[in-house]
2 protein chains.
Amino acid sequence: MAFPRPKPTTMETLAMERANPPFNIRKMSIAMHGSEKALILKEKFMAEIARHPAFKLSDIHDLSKDELRERTMEKFASMVYFVTNESLETFQLRMQLIGIADPSFWTRFGVAYGLFLGALRSGATPNQLSYWIDRGVLGLNGVIGCFAMTELAHGSNVAGLETTATFDRGSDEFVIHTPHLGATKWWIGGAASTATHAAVFAQMIVDGKRHGVKTFVTQLRDTKTFTLMPGVTIGDIGKKMGRDGIDNGYIQFTYVRVPRAHMLMKHTQVSRDGVVTEPPLAQLTYGALLGGRTSMVTDSSNSAKKALTVAVRYAAVRRQFATGKNELETQLLDYPIHQRRLMPLVAQAIAIGFTGLRLQVMYEDMTQALDTMEPSDPNLNDILDKLKETHATSAGLKAFCTWACLDTIDKCRQSCGGHGYSAYSNFPLMYADFAVQCTWEGDNTILSLQAGRSLVGAWGAAVRGKKLAPGVAYLNDSSLLSAKSDSSLSLSDIQRAWNCVAFNVIKKAAEEYVRLLKSGKTKDEAMEKCSQSRFIAAKIHTIGYIFRLFREAVEEMKDDEESRTLKTVAKLYGLWQIEEQQGYFLKYGYLDAQQMDKVQESVDALCQEVRGVAIPLIDSFALSDHIINSPLGRWDGSVYESYFAQVQAANPLPKEHPYFTRLIKPLLERQNEDMEDPGSAMGLDDELKEIEEERKGE
Amino acid sequence: MAFPRPKPTTMETLAMERANPPFNIRKMSIAMHGSEKALILKEKFMAEIARHPAFKLSDIHDLSKDELRERTMEKFASMVYFVTNESLETFQLRMQLIGIADPSFWTRFGVAYGLFLGALRSGATPNQLSYWIDRGVLGLNGVIGCFAMTELAHGSNVAGLETTATFDRGSDEFVIHTPHLGATKWWIGGAASTATHAAVFAQMIVDGKRHGVKTFVTQLRDTKTFTLMPGVTIGDIGKKMGRDGIDNGYIQFTYVRVPRAHMLMKHTQVSRDGVVTEPPLAQLTYGALLGGRTSMVTDSSNSAKKALTVAVRYAAVRRQFATGKNELETQLLDYPIHQRRLMPLVAQAIAIGFTGLRLQVMYEDMTQALDTMEPSDPNLNDILDKLKETHATSAGLKAFCTWACLDTIDKCRQSCGGHGYSAYSNFPLMYADFAVQCTWEGDNTILSLQAGRSLVGAWGAAVRGKKLAPGVAYLNDSSLLSAKSDSSLSLSDIQRAWNCVAFNVIKKAAEEYVRLLKSGKTKDEAMEKCSQSRFIAAKIHTIGYIFRLFREAVEEMKDDEESRTLKTVAKLYGLWQIEEQQGYFLKYGYLDAQQMDKVQESVDALCQEVRGVAIPLIDSFALSDHIINSPLGRWDGSVYESYFAQVQAANPLPKEHPYFTRLIKPLLERQNEDMEDPGSAMGLDDELKEIEEERKGE
């Protein structure tokens, strides 16, 4: 039976939304991707994986964990060609894209290439590094690595890890050992069924003395047979919230011996005689962490854009309730409250995207500057200050951007009503896969407090008259503390608003800290005690920072339709966030109650304005139907047809009902139980009477 | 190898937390459960299901969808005995408890008993009802029902449903038909593989005229063979975010005939001649909806308590980082920021719990009053007003309590760090199962707007001098509008704060609405336009309402250790929410900036105070290890041991690696590809030279 389609069809509705875009979608898309080259590469990667059988996504919701694991390994194997034949820059863009399509795969691959290889690069001596490269660590021919840091009872506190590596001078070996259950290596991606070697973080003990946590490359499995090496116990840690394509495992070492040369010795050295030489200066790891955090900011934007592509397209084609005398029901996207639900999130995803692009450039500039600079360069301290500041800010960015993205995914799901709860909408998987980003690479709350601690320090430096790095330079301008809005709610007014309020909340945290110190607390105690204020300082500073980077990016663009639209988006982001955090803007007097009402009105109006270009804006995100993997977000608007087809394909009816005979039939055929008294059911009393009369007759 | 345990063990730590509770846990628990009887029954139900094989929970994370479905049907079958042999009150308490253990089962059962049976009770004539009872609808012996309302393209807008039921006078039948794909019945719980009959909501057409949506009991399957009835097409809609134990399906009807008598005719009647009689008054459905919402408020509290039991116990035993010179690392629960993360959520879960208890009593009182009252009773209008008001408030309560619970589950997950991401922590399933509560029975945003609409109406009535029902009575006291804090931050000061601010935000929404009306908008347009303000009004009113009900409950208790602790909890709830919504309290001047700083300090101090009794308080929630189903929340504190044992049991290692030979071996044995020029690899140039020389020689 061919069903008739109600008019206008969902396809026609979406086409109408695209009829007269007020800006050039291609140009907008290039702006969002940083360059035309990046966009073209992305389109190439999307086309490639859409055709690769290992990257099939439509059936992913109905695969078992074991099937997912195997499918993920297929992707892994298919990438080895590119990692050895493509420039690093191109390959990173490829992984960034694939990471949005399949975060499980991204992680499983990243364990070997990002974490294990990264540990070698940052910890091995040049000779050690060539040794491992000769053994095949780049092409995976000989070594597949994993990163064995976290333990069952220790995560954030790396210095507290309890696995031991005891030097045995006699054999010139380290003995790796798991002393108790809590010291079991846990969450180790790749350990359960992929890795041959691990970078094991363990407390080094030489001659009974503890020297802190060092890294030891330890073989886990025989490379020919894949059997476990003696003393190595490995188990699978099983089902997770998401990313089930990763084979996370646990590892217990029972007196496992590794050659001394397998300890990574770029920083700390242990000689043949057991002499330990510590590095003269603590390792400068800012750079490495910064790179990871930058990529998480970008991933937050991209993942949010993926969810929003679905939610906004669906809201354009879904109609519900007719208002007034309209025959046709209203598009969800035309309801002011639905605009309120989605448009600020669109603005936020775009803002975070531009932040990621600029962070990337800053990061590359700084790396290059540090690489080429002589120690005697007079600018060295400035660069180091800037690096330190960006490092601290990046901690806050990682936290608040991943939280924003997770929140966006869930709000998008809810905005699609019941269908958002279907696995095939892809929201459940997006949420489950993304959720871990708020926890790993530093728990978001802890990272926020680190950012807050650094802001407290920056405030102190400013008070002492120091000129601060650009990200916190506003702390040098104390006139900001009592600044007031000029009521324009322009981009520069909004920027001042954030600077003013960030300054005030940082000052509050810092003064609290100083007060606690004066009352006799230790530095650590005082920092803990003022943690709520530090957290708030980090939050406000970070939002203001995102707004600044976005605004700067947009203001640097030439004045055209694209940049004018983006200015509207920037304004929406800045004002909506002021509304969200309105308490601080009122408390510190930057805005008064009437102005705050005006902010609400402006946000309403801006939501409506952005709604007008919502579909072209979403199209500029340039995410293919394959990547989005949700019939609700189909580019052509054929939402119900695609959804129905996918549900049917994924759920063929079984030939026979699996449990009708065992469980349902007995219910249906069950006799009505009369809930009568067993006595009367048996006719007991009549029977007793009969017996009595019989007895009488006897 | 027996692992040594670090001292104090996690078990010892938890025992220490329980050493000297400042209140009687049993008494506290009775207060939270409303009565000793309710607590004893709950303990009985928990003991029963902990021993019932169908209610095994520890393996639930690793079951496939099909296995979950079958397991859920086993539970279903095991309950039929109780539903026919237990008092309604007892059975409801049983289901309330089981709903926390397994929401999937709760829903699958509720479809037959709550929705299908409920549709009959509210829509069938007495004769129709006895007919269906005779057919076995109570004992499921003959009829297993499902509730076919939602369609693929229509959810919230029930009046817009597109399935048709056309009266055929000739045969005295209705013809049920699905006219196009969007009208496919969708999400129908029980349809895919359980139900024999459905209550189908369809547009009734008699003599070409549409009479709106009515309900038709339609047979789906033969009760002997379970084959589909002619014209009925059913499919499985497959994987969902959670609740995969429910067999949600889709249904398409192709000219399916049902006797006229199968239309439920309590309200609208259709005679043999096709004469349609509409009811004189629109059906009074407040009561029914109110019951459902009350149970969702209670479920929100219970589900939040379940998550918090895990997170708080884990935070007590997990140690991370040593502060100062301590040998022992600090319990997470001793960090001020961790107290901030969890203690307000504990207070909120308790507040919502007391709200649920009081709502239940109010609901029962009102139902009884309505049942026994004569139409001429002078109090009828008061009761109806109160019913209407409670109904509107319950819409907001459903929305904000389910949101609060979902948020609590995710925050609890994050507070457990990486382990919260393990399926065995049970947070992923709790979240996935609970998430739908924000969508079904009315999307939360839409319900909030309904509550907001009613508040705007109540404001108008107050302005006209009407004495309002208790829940909104504060709108009668306009002196509240400019009230100021007495700086005491006492329970009554907090209550006035909420009343003041709720009044102000309602007034703002109402004035916006009136202004829009005056500018020429229709009522509908004006309501849509002011939806953001309506939403805020609903949010603030609802939080203030929860606070009031909690405060009243606590203030009615006799003055003892339990009530004193609960007063501290109530204060934490009220002040923390003021902090969360601080913008409105500053905007309307109830608190100034200095007082707001004091609020923050008080919340810090109250978090620390509640932390002191956190474990006894959590113990009062009285949730068994079986119900919680998370090793991280074990009552005895044996967190790591239980977690490790569960992970091992759920993930036996396969005898053979499933894909080593196919996917990993080829990588490991792959030769280093020299990325050299193919010409030089072939020695092409030498070869050419040889050829040339040969030619020369010729």
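Is A622(B) buried or exposed? Hold that thought for a moment. A quick reminder: this is a predicted model.

Now the answer. A622(B) is buried, because its relative accessibility is 13% and the cut-off for buried is under 20%. Look for A622(B) in the loop between α19 (614-619) and α20 (625-628) of chain B. Its backbone is worth a look too. A622(B) is not a glycine, yet its phi is positive, about 55°.

W187(B) is another such case. Its phi is positive, about 70°, and it is not a glycine either. W187(B) sits in strand β4, residues 185-188 of chain B. With a relative accessible area of 15%, W187(B) is buried.

Next, the annotated site. The unreviewed UniProt entry marks T150(A) and G189(A) as "binding site". They are spread over 40 residues of sequence, but they cluster in space, with a largest C-alpha distance of 10.4 Å.

Take T150(A). It lies in the loop between β1 (145-148) and β2 (164-168) of chain A. T150(A) is partly exposed, at 27% relative accessible area. Beyond its close sequence neighbours, its contacts include G155(A), T184(A) and W187(A).

Now G189(A). Its loop runs between β4 (185-188) and β5 (197-206) of chain A. G189(A) is buried, at 8% relative accessibility.

Last, the cis peptide bonds. One joins K7(A) and P8(A), with omega about -15°. P8(A) comes in the segment before α1 (10-17) of chain A. In chain B, the bond from K7(B) to P8(B) is cis, with omega near -15°. P8(B) is in the segment before α1 (10-17) of chain B.

Conventions: Residues numbered from 1 in each chain as written. Chains lettered and ligands numbered in written order. Predicted model: local features only at pLDDT ≥ 70, side-chain atom pairs only at ≥ 80, totals over all residues. Heavy atoms only, no water. UniProt positions renumbered as here; feature names shortened; annotations may be inferred. Helix = DSSP H or I, 4+ residues; strand = E, 2+ residues; numbered from the N terminus. Buried < 20%, exposed > 50% of the residue type's maximum accessible area, 1.4 Å probe, protein only. Contact = heavy atoms within 4.5 Å. Lists of a residue's contacts leave out its neighbours within four places in sequence.
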